[in-house]
Amino acid sequence: MARGVILSTPSLTATTCSLLASFSKTPRKGFKLSLSSHLLHHHQPCSLPIISCSFSVSSSAAQCSIDLSNHREVFSSRMAMAGLKPHHSIALGVSGGPDSMALCVLTAGWKTAGANAVNTDSGGFIDGLLAIIVDHGLRAESKEEANIVCRRVSKMGIRCKIATCDWSSGKPKQGQLQEAARDIRYQSFQKVCAENQIGVLLVAHHADDQAELFILRLSRNSGVLGLAGMPFTSHIFPMRTHSCDRVQPNCGILLVRPLLEFSKEDMYKICQGVSENWVEDPTNQSPLFTRNRIRMALNDLSSTAFKSELQGMISACRITRTYIDQVCYSLMSRALFVKDHGYAVIDLMNFCPSKIEDLCLSKFLSVVIQFISQRQKQIRGAALKLLMDYIRTFPCKNSLTAAGCYLCPDPGSRGSRVLVCCSVDCNAPIKLEFFKSCSYGETEHGVADELVKIIEDEKSYANHVVPDASDVHFLDVNPEFVLIEAKRLNIISESTYRSILTLQKEETDRFRSKSDAISNSALNYEAESFSTSGKSLQRGQFCYFMDRFILTWKLVNKFDGDSLSDSVNNGMDSAGETGKFCSSSCVIGSNMVLEVRHMVESDWLYLAELSRYPHCKNLPPTQITKKTDPCLQDASASAKRALPLLKCIPVAARRSLPVLVNQQGELASIPFVNFRHCPCLMVHVEFKPKIPLGGGHSSFI
């Protein structure tokens, strides 16, 4: 999606190319757009600067009037399928290419047409519509290109925001360029959406993009779930939370692809239909990138029959995936129990894994593992196969560590239930992300509430298009036989089958040779070791611990111990700050800095010892100052109340719980069981995973 420098019409024929030089010397024609009576702007035509090596072409110069009524009708129906209405606040991902410019045209028309049309503000901009232009900063001219695109989109009545990428850790290498650019682009989208309280982002992926992705994934030996391509809608969540008063945990944004029913040719027609120019990225012609090679190869296979059959193949995979997703959610509702302490229990008695198809079981397990491990992507491959073999063993008697999770029998279940916990025994750093100081609970809920309603409306629509079992073709088919099965079912013809097979083989060979080169060059690579020690958390500071627990602490005036325990359980309020401590042996100390780490076995052993105070013998010497120390008395009472709660949490699940210790490593608090060593210490903790169960809402309709 990086912007380029060639402004063009869709089909650069020899005649068109011969005219480019003469057009390049002509200032760009003033923009003309007629979408509806609500979209009238009186901007003076302006001559935009021509960038070096660029050509300005007026799309209206070579094309007759094009009727876009059918395109607008299809777009409107897709927006309704997504649960979207014109009054909703929406952002657009815009690069300036024909795809995103067509998206701008259709979205502006949809917003401003019909009985539910929205108004424009005093500046002539459509209410509730924002275009986000990402300047990747990878080329010297990218800033000026972003400004040009911004001016063009503004002329449509769409407010624009240019987001500049920060490559603080260094710009990506050539082989990683497209993936790195995509990652930082979506991070920019999420940040701008959060800043502007927008919960929906539209992007311009279309049917030709799906075809490219199908061949790409086929060459990587993907199964039906991968071959279904990009979802129509999906929930995406920020990798980093900048402030809990601006980005509500679990809110994320809804990513919608309303153009998946449109072809690349449609994109050009839409731009031509309103005399709109666009930018062609010259890097899209480079064979260095896999997608470009696939795109050019697909262009050579331009017959209508091939394109139609390929899209039919993708559609069949999407129907199968929709069915698998429904089975997965059904399994979760009856056999999966998520606990507030950050672990899950799978009831094998209600599950009957031996009777579930491989694809449905693998989807279920990947969803559960992604949720517990809080990974951005679901697992696959050998790790997933290992988990499937494990879960099909009944009764379950062994333990297993895989994909950042620890699985073991639930105590007392005789192997009929399986615990799925976050593994803390791997060589990985403790992840602690700090928020800006703010009062928890004062976040803006308007965006989240609107998003929930949009998703409910989409689900309501999707429930009317539930696939029939007879429409599900690839449920029991191994990945390597999907194409053969499609040919047997006459979804694709023999010629289309052979063409796809050729494309697959070419990219598979390239991928394997590249993988071997990477593997050979990495033979001497040694794994990097990470420290698993705690990290400091200042008083009043908020943090995400391991992407699952929101944690903060402060000191308050001393009051009744039972009341304090209740207040710790319910949140942090009702008390003022204090800088005084209960005794010289208080573990908080005068520096008022605590560290966060995972719970270890010695922590609950310490609670057991502390609960016997004053008859305990193994407390640290710094804490044995007086036998009637009031701080230790309160700590002992707190330990006695915490131990029964701690015993209710399986040992395997305790290990992932956060605890607070002082800088000498002495235990200060185990928030989830309301233990605190100092009566002045108040801690708030909440299980609030960034990535919700199922990875968020998604739809392949």
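## Helix packing and loop residues in a predicted model

The protein chain of this model contains 21 helices and 21 strands in its secondary structure. The model is a predicted one, and the values that follow were computed from it. Of the 701 residues in the protein chain, 52% count as buried. The accessible surface of the chain amounts to about 32300 Å², and carbon and sulfur atoms contribute 51% of that surface. When the contacts in the chain with a separation of 6 or more are considered, 75% of them are between residues 24 or more positions apart.

| Helix pair | Crossing angle | Separation of axes |
|---|---|---|
| α7 (residues 207-219) and α10 (residues 290-300) | about 110 degrees | 9 Å |
| α13 (residues 358-373) and α14 (residues 382-391) | roughly 105 degrees | within 10 Å |
| α11 (residues 304-335) and α13 | roughly 60 degrees | within 9 Å |

Helix α13 takes part in two of the pairs in the table, one with α14 and one with α11. With α14, the axes cross at roughly 105 degrees, which makes α13 roughly perpendicular to α14. Helix α13 contributes D358, L361, S362, L365, S366 and I369 to this contact, while α14 contributes L384, L387, M388 and I391. Seven of the residues in the contact of α13 with α14 are nonpolar, two are polar and one is charged.

The pairing of α11 with α13 has a crossing angle of roughly 60 degrees, and α11 is therefore oblique to α13. The crossing of these two helices is right-handed. Here R321, I324, D325, V327, C328, L331 and M332 of α11 meet L359, C360, K363, F364 and V367 of α13. What classes of residue make up the contact of α11 with α13? There are nine nonpolar residues and three charged ones, with no polar residue among them.

### Helix α9 and the residue after it

Helix α9 covers residues 264-273, and its buried residues include D266, M267, Y268, I270, C271 and Q272. Just after this helix comes S275, whose phi is positive at about 55 degrees.

### Residues in loops

Several individual residues in loops can be located in the structure above. H87 belongs to the loop between α3 (69-81) and β1 (90-94). Is H87 buried or exposed? Its relative accessible area is 52%, and because a residue counts as exposed when this value is over 50%, H87 is exposed. Leaving aside residues up to four places away in sequence, H87 touches K111 and V118. The C-alpha atom of H87 is separated by 9.8 Å from that of T112, a residue 25 positions apart from H87 along the chain.

A cis peptide bond is found between F394 and P395, with omega at about -5 degrees. P395 is placed in the loop between α14 and β9 (400-402).

Two asparagines in loops have a positive phi. N490, in the loop between α16 (482-488) and α17 (494-521), has a phi of about 65 degrees even though it is not a glycine. N674, in the loop between β18 (667-670) and β19 (675-676), has a phi near 60 degrees, again a positive value in a residue other than glycine. What are the relative accessibilities of N490 and N674? N490 has a relative accessibility of 68% and so counts as exposed, whereas the relative accessible area of N674 is 18%, so that N674 is buried.

Note on methods. Residues numbered from 1 in each chain as written. Predicted model: local features only at pLDDT ≥ 70, side-chain atom pairs only at ≥ 80, totals over all residues. Heavy atoms only, no water. Axes fitted to C-alpha atoms, helices over the stretch in contact; angles between N-to-C directions. Helix = DSSP H or I, 4+ residues; strand = E, 2+ residues; numbered from the N terminus. Buried < 20%, exposed > 50% of the residue type's maximum accessible area, 1.4 Å probe, protein only. Contact = heavy atoms within 4.5 Å. Areas by Shrake-Rupley, 256 points an atom, 1.4 Å probe, with all protein chains shown as cover. Parallel < 35°, antiparallel > 145°, perpendicular 65-115°, else oblique. Nonpolar A, V, L, I, M, F, W, Y, C, P; charged D, E, K, R; others polar. Left-handed = near helix turned anticlockwise from the far one by under 90°.
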